[in-house]
Amino acid sequence: MQIRSIEAFPIRLPLKQVLTLSRGVSRTIEEGKQIVLVKITGEDGTVGWGEAGPSRRWSAETIHSAYTTIVHYLTPVLIGRDAFDLAGAHRAMDKELAPGLDPGQPVAKAAIDLALHDLIGKSLGIPLQSYFGNKSADRVRLAYLVSAPGPDETRAVVERGLAEGYRDFKVKVGSNLETDIANLEVTMELAGEGGKVWPDANQGYTLAEALRAARAFDAMGVEIFEQPVPMNDIYGMKKLLSATSMTIALDEATMGLPFVIELLRREAIEGVVIKVNKCGGLYYARQLCDLAKNAGMVLIGSGLMDAPIGFAASVHLFAAYGITFPVDLNGPQHIAENYLAEPLPIELPYAMVPDAPGHGCVIDEDKVARYRLDLG
Ligand SMILES: [Mg+2]
């Protein structure tokens with residue numbers, strides 16, 4: 001089926017609360033969650049929806065760059081192509097915007113990729129997980145994200161998460177080691193035996209700090225330590241692996257296949273954090289999952305505060321690959337309103353795999369118009 005049209009809609013969804021990374025707040029309340037929605041229509045009228053929701057404090061894409069990339073560079077090379085030819089679509093996009101150490105504006109490319117997957121699923125009348133051909137699980141367990149300045153605030157955040165039905169917590173660290181340890185201790189105490197708790201430094205530590213942190217976290221019984229050092233510090237990541245029994249999970253460092261393969265060759269990687277948007281969509285995310293699983297690496301599921309389309313697509317993927325460790329898909333925790341006509345199946349602490357065709361999101365186009373964002 002040929003791709004007949006591609007439309008892009010910048011929107012802004014209001015936030016309930018901000019998320020603070022080691023580099024500062026990921027987006028302010030005033031900014032809200034800014035997204036470019038993409039609607040791809042096939043020649044028979046079948047429609048697929050995708051989204052790009054960049055976080056400029058996490059990687060170098062903005063709402064403006066995502067919009068202009070989709071409209072001026074990606075759309076022209078995709079119109080008229082076979083919608084089922086995902087590999088060809090990615091080749092065409094990568095020819096237009098060259099990959100480097102990352103896939104080259106992956107968040108913008110992911111919007112196209114998600115819309116094509118949705119269109120294919122709807123055209124076949126099957127949910128994405130069936131299209132992936134792997135029903136390892138029918139749900140994933142959602143973690144609650146903790147980003148608080150000190151132990152008292154951390155306690156309040158964790159208690160709120162527990163009250164909402166969450167059991168597992170990812171704690172943002174990487175600013176001050178003593179505070180980070182105190183925040184982690186409070187979280188582990190409240191989560192108790194039944195909950196998983198792990199720290200994410202978002203590249204915030206020097207190697208010396210990361211080694212001290214690793215010793216402290218290890219002694220507390222933490223299983224996973226996410227992206228302790230900068231993504232280009234291969235020596236540091238390798239040294240951390242030998243210094244701790246924890247799994248060092250690489251997130252920012254695992255944007256795409258070529259760099260993950262290089263990290264494997266250098267024996268610097270044991271755990272991979274999969275985010276659908278950072279590797280350019282489901283097509284490359286699946287290859288990364290296959291590589292990681294076959295190489296015996298630990299798979300961790302995560303996202304970029306995804307709105308429902310990115311969230312649902314990730315749930316299909318993570319359930320297909322049988323990811324049992326809690327996943328950090330924190331869109332529902334942070335985003336106050338969305339563009340759905342019907343809510344997604346979430347029974348905290350679980351997100352169930354939607355059983356409607358495609359990714360399973362039913363879009364309310366009146367809401368899309370209501371949240372329209374003027375990019376100026
Ligand atoms: Mg991370």
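Residues are numbered from 1 along each chain as its sequence is written. In this predicted model, local features need pLDDT of at least 70 and side-chain atom pairs count only at pLDDT 80 or more, while totals for chains, interfaces and linings use all residues. Helices (H or I, at least four residues) and strands (E, at least two) are DSSP runs, numbered from the N terminus.

Two strands pair if DSSP finds at least two bridges between them. Strands of a sheet pair through backbone hydrogen bonds, either parallel or antiparallel. Strand 4 (residues 33–42) runs antiparallel to strand 5 and is joined to strand 5 by six bridges. Opposite K39 stands W49 in strand 5.

Axes are lines fitted to C-alpha atoms, for helices over the stretch in contact, and angles run from 0 to 180 degrees between N-to-C directions.

Helix 3 also packs with helix 1 (residues 63–78), at an angle of about 50° and with the axes 10 Å apart. Helix 1 and helix 3 are therefore oblique to each other; angles under 35 degrees count as roughly parallel, over 145 as roughly antiparallel, 65 to 115 as roughly perpendicular and the rest as oblique. Helix 1 passes helix 3 in a right-handed crossing. A crossing is right-handed if the near helix is turned clockwise from the far one by less than a right angle, and left-handed if anticlockwise. On helix 1 the contact is made by A66, T69, I70, L74 and L78, and on helix 3 by V107, A108, K109, A111 and I112. Two residues are in contact if their C-beta atoms, placed from the backbone, lie within 7 Å. By class, this contact of helix 1 with helix 3 has eight nonpolar residues, one polar and one charged. Here Ala, Val, Leu, Ile, Met, Phe, Trp, Tyr, Cys and Pro count as nonpolar, Asp, Glu, Lys and Arg as charged, and the others, Gly among them, as polar.

Helix 5 passes helix 6 in a right-handed crossing. Helix 5 contributes P151, T154, R155, V158, E159 and L162 to the contact, and helix 6 contributes A182, N183, V186, T187 and L190. These residues divide into six nonpolar, three polar and two charged.

P151, in helix 5, touches A182, N183 and V186, not counting residues up to four places away in sequence. P151 and L184 are 33 residues apart in sequence and 8.2 Å apart in space, C-alpha to C-alpha. P151 counts as partly exposed because 17 C-beta neighbours lie inside 10 Å; a residue is buried at 20 or more other C-beta atoms within 10 Å of its own, exposed at 12 or fewer, and partly exposed in between.

Another open sheet has three strands in the order 6-15-14, again with antiparallel pairing. Its edge strands are strand 6 (139–141) and strand 14 (346–347). Strand 14 pairs with strand 15 (residues 350–352) over two bridges, and E347 has Y350 in strand 15 as its bridge partner.
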